[in-house]
Amino acid sequence: MSTSIASSQASSFSFPPLGARRLLLLGGLGLILVGMIFGDIFAVFILHQNASSVGASLVAAAHVALDGDSAAVARSFRDVGSFLENRGTKVDTHVHMIGFGYLALLLAVIEPWIAFSPTAKRRIAWLFLLGSWLLPIGVFLIHYVGLAGSPLKSIGWASIFADLGGLLVLIALLACLVGLWKRLRSPTPEPQTDSLMSACAAGTPMLLTGGALLVLLGFASGASYAAFDLYRHEARDVADLSDMATGAASMDATGVDRALGDYGQLQGDKAVKIAAHAHAIEFGILAMLLGLFQPFVALSNQWKRRWAAVLLLGSLMLPVCVFLELPYGLLAGAFADIGGLLVVFALLAMWIGILRYTGHLDASISETRT
Amino acid sequence: MNSARRILIIGGIALALWGMAYGLWYAVFAEHQALDGIGASLTRAFTGAAERQPERTQAALAQYRETKYVYDRQVDVHSHWIGLAMLLMVLGLALDHVALSDGFKRNLALAALAGAVLFPFGVLLQTVDHGIGPRALAVASSGLLLAAVAIFALGFARSGRISKSS
């Protein structure tokens, strides 16, 4: 993209150097990228191993119940709690990073409507980004730091910093709301000239349509899960646990093992269906948000469309292949990971495109000054 | 800001705040109690099995089923309200790219907002009433949401076709 194009667009979009919109856009995309890469690493190296450990603890609990050792049963369930905490904090890190990234992109779109000075908006953006990084890092460390050196009985330092991060995000969001409210209540509202929401660049229609279709796919899979699986799964969950306990009480080792196998299958079925539903919707929303920011991506029209197509392909591949993990196992899992990587590559390409745009824009501004 | 955009963005922000407030209440007053209840009932069930007390096991499993039923729905309600709020806001921001009439967009925005509010509410009602009413509400409102998003997708596609041809 030439500097002249960048400077002509600069007149219609608010995008100053180190301004709130630029910080939120680049910081938000950075959060989503790191959150997704972390999610991929978590899925490959931790999720399955952790699920095996939870399953092994449940097997141990059922077998010690078979032996009539009630003290060992309680110990096995304590182990399950520890494995679940490890898994839960990793999932929360992944989810919160991406969620805060989405929020940052939303705030970047509405930034011109927040009625504060540019300096105040920049401070709010920094506050938001600081909290957005602090919370997931704190949550990630909860499992490792525990209660070491903590002044409190049940909450460790990692939790305290995670909560502080959440508080910073909340303060920044409230400040944005106050700014929006101020503009809406202003007796003589200044006319808003920012045209980002209506600007249509190459890739915008594809990302908006594809994103809405992905959301629709996610809704349809969720509706199908609720209609055909939810109540069946809930009934089977209790039935399998009951079979395990009854088998243990009647010293039927074969019955216990069969129930454990069924229970593992059930948890797998539930997990892949919920993950497919959630990822389709999240990727759909991400595609729509990125569609709005295409005017800031300094790549040729052809490459904008290509990266948009790559992002949509990965966004479709991941949930579909996750859904197919149960019948096709690791093969489908590998394709799901490839889908996730495609999304990461496309996002990285767009992030670099936006960085290029900021470079062109700043160069044109300094040329105008000289 | 036109009326459809106002409905989607202000409705989305209000719904997100409501969902977060519900989440805060839930985290402080319900979640830990529910998780403790689930863990304790499972431990009791298997301890009962180890001690060969089938009645205790079955009673503990019945308690597990009820606590888990409520817990799953409360978590779903929180995440769906906030997720749907985000979707409403994004649709509101992208409204200029929907090639439909203003009046139709307004009705579509109202339908999407109604679906986003009522669907999780129907799920929440299931925790106090296991009858057909809450389920019917959840099914009808999710159908409304599905239809609204399908029409938005159609509007985006039409807009893309129009800008391509022009």
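Predicted model: local features only at pLDDT ≥ 70, side-chain atom pairs only at ≥ 80, totals over all residues.

Reader: Where in chain B does Arg52(B) lie?

Author: Arg52(B) is found in the loop that links α1 and α2 of chain B.

Reader: What is the phi of Arg52(B)?

Author: The general idea is that most residues other than glycine have a negative phi. Arg52(B) has a phi near 55°, which is a positive value in a residue other than glycine.

Reader: Which loop of chain A holds Met251(A), and what is its phi?

Author: Met251(A) sits in the loop between α7 (230-249) and α8 (253-292) of chain A. The phi of Met251(A) is likewise positive, near 55°, in a residue other than glycine. With 13 other C-beta atoms within 10 Å, Met251(A) is partly exposed.

Reader: How many helices and strands does chain B have?

Author: Chain B has 4 helices and 0 strands. Read from the N terminus, its elements follow the order α-α-α-α. The globule rule gives 15 Å for 166 residues, and the radius of gyration of chain B is 21 Å, well over that value, so chain B is more spread out than a compact globule. Along the principal axes, the C-alpha atoms of chain B fill a box of roughly 80 × 30 × 25 Å.

Reader: What percentage of chain B is buried?

Author: Buried residues account for 42% of the 166 residues in chain B. Contacts can also be read by sequence separation: among those in chain B between residues at least 6 apart in sequence, 78% join residues at least 24 apart.

Reader: How many residues of chain B are in contact with chain A?

Author: There are 37 residues of chain B in contact with 42 residues of chain A. On the chain B side, α1 (3-50), α2 (54-93) and α4 (132-165) each supply at least two residues. By class, that side has 23 nonpolar, 10 polar and 4 charged residues.

Reader: How is a pair of packed helices described?

Author: Two packed helices are described by the angle between their axes and the distance between the axes. In chain A, the axes of helix α6 (residues 204-228) and helix α9 (residues 301-323) come within 10 Å and cross at roughly 5°. Angles under 35 degrees count as roughly parallel, and α6(A) and α9(A) are therefore roughly parallel to each other.

Reader: Which residues of α6(A) meet which residues of α9(A)?

Author: From α6(A), the residues are Met206(A), Leu207(A), Gly210(A) and Leu214(A); in α9(A) they meet Arg305(A), Ala308(A), Ala309(A), Leu312(A), Ser315(A) and Leu316(A). The residues of this contact comprise 7 nonpolar, 2 polar and 1 charged.

Reader: Into which domains is chain A divided?

Author: Chain A is divided into domain 1 (15-184) and domain 2 (197-370). Their C-alpha centres lie 18 Å apart. Contact between them involves 23 residues of domain 1 and 28 residues of domain 2.

Reader: Which helix gives the most to the side of domain 1 of chain A that touches domain 2 of chain A?

Author: Both α2 (20-66) and α3 (70-110) of chain A supply at least two residues each to that side of domain 1. The most comes from α2(A), with 17 residues. By class, the side of domain 1 that touches domain 2 divides into 20 nonpolar, 1 polar and 2 charged residues.

Key
Residues numbered from 1 in each chain as written. Chains lettered and ligands numbered in written order. Contact = placed C-beta atoms within 7 Å. Nonpolar A, V, L, I, M, F, W, Y, C, P; charged D, E, K, R; others polar. Rg over C-alpha atoms; globule rule 2.2 N^0.38 Å. Buried ≥ 20, exposed ≤ 12 C-beta atoms within 10 Å, placed from the backbone. Axes fitted to C-alpha atoms, helices over the stretch in contact; angles between N-to-C directions. Parallel < 35°, antiparallel > 145°, perpendicular 65-115°, else oblique. Domains from an automatic or database assignment.
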